[in-house]
Amino acid sequence: MLPKVSLQNQPLKLVDTFKAEVKLPSTRFFSLYVCGITPYDATHLGHAATYLAYDLINRYLTLSHTNIHYTQNITDVDDPLLERANRDDLDWRDLASSQIDLFVEDMSSLRVLPPNDFVKVTDSIELVISFIARLKEKDCVYQVGADLYFDVKPSLVELSISEEEAISIFAQRGGDPDRIGKRDPLDPLLWLGNKAGEPGWDSPFGFGRPGWHVECTAIALEYLDRESIDFVIDLQGGGEDLIFPHHFMSAALIKAVTSRNYSKFYVHTGMMGYQGQKMSKSKGNLVFVSKLLKDGVDPMVIRWALMIDHYQSYREWSSDLLLRATTEVALIRQALSKSEVYPVAGHISELIAVLSNNLDTPRALSIILKWAQQSLDGENSHLLVNESGEMSRTLDALLGLAL
Ligand code: ZN
């Protein structure tokens, strides 16, 4: 349960990837699907920053009395996971389960509220199989060797980039545009026929395992669809590297099966960088939450540091950023521990206003800092008793900061 905070009837506005600014409805059921981790390299700060952004949305909507239903998947069978397990001579199931545990621990240390459903792909094989069966009924599935592909051609008119560019990104992000026998280079895999030594499941299409995009759509449709006329879900989230191909393919698959649009809104987070480059496994510049925690870094300092820059911008992690967050959090704690502080009402109103404006955390943190400085100013004649509790509850409920 979140501490009670009145949001003063300010609806949450977010910047949608395709539609610019959108105002989220505040009084009805709202479904949120955020693509989850592949559990082999959890949890680096890029992941943490992404899940933190949707945590802020989850908190804001919950405090606005919206009945939010939040689903997240776990891609616990996938090429990179199997490759890592092979490399480290581990059973892929053991690797996945230890990394899922670590992810849950990291998220809980950072006070990211858990989703309503946290769904493993390996627990959703039946859903994927029935989703593919529905696609087959619509005649948009074909076979190459032992693998099944989705005929994405009818959806390519929806591409917001050129096909040439799409093919190049597709190749970098798990696609196989050059596979001989495909009808279109952009057709995604739905079901992979089993290769020796790899895990697999029985299905009407042979022994094998699911492709990437179809997992998310099968899970979202099962857990979140309220069968509204226009859209299957309200908001799809994830890092901006998922815009294409993952979210494009998800929308195409859902359209083919349901004849409806997938998500009403799309909100993506910016990438996290370190030492001048996007944090990624291939560059080997990942910074892990668990490592920082092990080194004794306060999780609330990490959370604060991840909010210093805006969630949709490219951000850089650095030791300077961590140092700055440490100093600022100490200042806020010092102010909160005083018996007399600066009156909070005005600052809290401002805080709500900037957060409702596309989660403007950089401005939100500066408002909190200003309040702390005013509270710590011994010369200030406006200080009042019994005010810091309200600030503390607001920081906790809205920003997930327990200080
Ligand atoms: Zn996904």
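The legends below describe close-up views of a predicted model.

**View 1. The zinc site in the predicted model.** Three residues coordinate the zinc ion: C35 through SG, C216 through SG and H246 through NE2, at 2.0 to 2.1 Å. Along the sequence, these donor residues follow the spacing C-x180-C-x29-H. C35 belongs to the loop between strand 3 (29-34) and helix 1 (45-63), whereas H246 is in helix 7, so this pair ties together parts that are 211 residues apart in sequence.

**View 2. The cis peptide bond between F244 and P245.** F244 and P245 are joined by a cis peptide bond, with omega of about 0 degrees. Helix 7 spans residues 243-258 and is one of the elements supplying at least two residues to the lining of the second largest pocket.

**View 3. The cis peptide bond between A42 and T43.** The peptide bond running from A42 to T43 is cis, and its omega is near -15 degrees. T43 is located in the loop between strand 3 and helix 1.

**View 4. The backbone at A20.** A20 is found in strand 2, which covers residues 20-23. Phi of A20 is near 60 degrees, a positive value in a residue other than glycine.

**View 5. Packing of helix 2 against helix 3.** Helix 2 (residues 79-87) packs with helix 3 (residues 92-109) at an angle of about 110 degrees, and the two axes are 9 Å apart. Angles of 65 to 115 degrees count as roughly perpendicular, and helix 2 and helix 3 are therefore roughly perpendicular to each other. Helix 2 contributes L81, L82, R84 and A85 to the contact, while helix 3 contributes W92, L95 and A96. By residue class, the contact of helix 2 with helix 3 comprises 6 nonpolar residues, no polar residues and 1 charged residue.

**View 6. The second largest pocket.** The volume of the second largest pocket is about 590 Å³. Its lining consists of 27 residues, of which F18, E158, F248, A251 and Y266 are the closest to the pocket centre. Helix 7 (243-258) and strand 11 (261-269) each provide at least two lining residues of the second largest pocket. The largest share of this lining, 7 residues, comes from helix 7. The lining of the second largest pocket divides into 13 nonpolar, 6 polar and 8 charged residues.

**View 7. The largest cavity.** The model contains 2 cavities of 30 Å³ or more, and the largest cavity has a volume of about 80 Å³. The residues lining the largest cavity are A49, L52, A53, L56, L306, M307, D309, Y311, R315, L359 and T361. Helix 1 and helix 9 (299-307) each supply at least two residues of the lining of the largest cavity. Helix 1 accounts for the largest share of that lining, with 4 residues. The residues lining the largest cavity comprise 8 nonpolar, 1 polar and 2 charged.

Terms used:
Residues numbered from 1 in each chain as written. Predicted model: local features only at pLDDT ≥ 70, side-chain atom pairs only at ≥ 80, totals over all residues. Heavy atoms only, no water. Axes fitted to C-alpha atoms, helices over the stretch in contact; angles between N-to-C directions. Parallel < 35°, antiparallel > 145°, perpendicular 65-115°, else oblique. Contact = heavy atoms within 4.5 Å. Nonpolar A, V, L, I, M, F, W, Y, C, P; charged D, E, K, R; others polar. 1 Å grid on protein atoms, 1.4 Å probe; cavity = no way out; pocket = protein on both sides within 12 Å on 5 of 7 lines; lining within 4 Å. Points joined across faces, edges and corners; volume = space filled by probe spheres on them. Donors = N, O, S within 2.8 Å, 3.2 Å for Na, K, Ca; no water.
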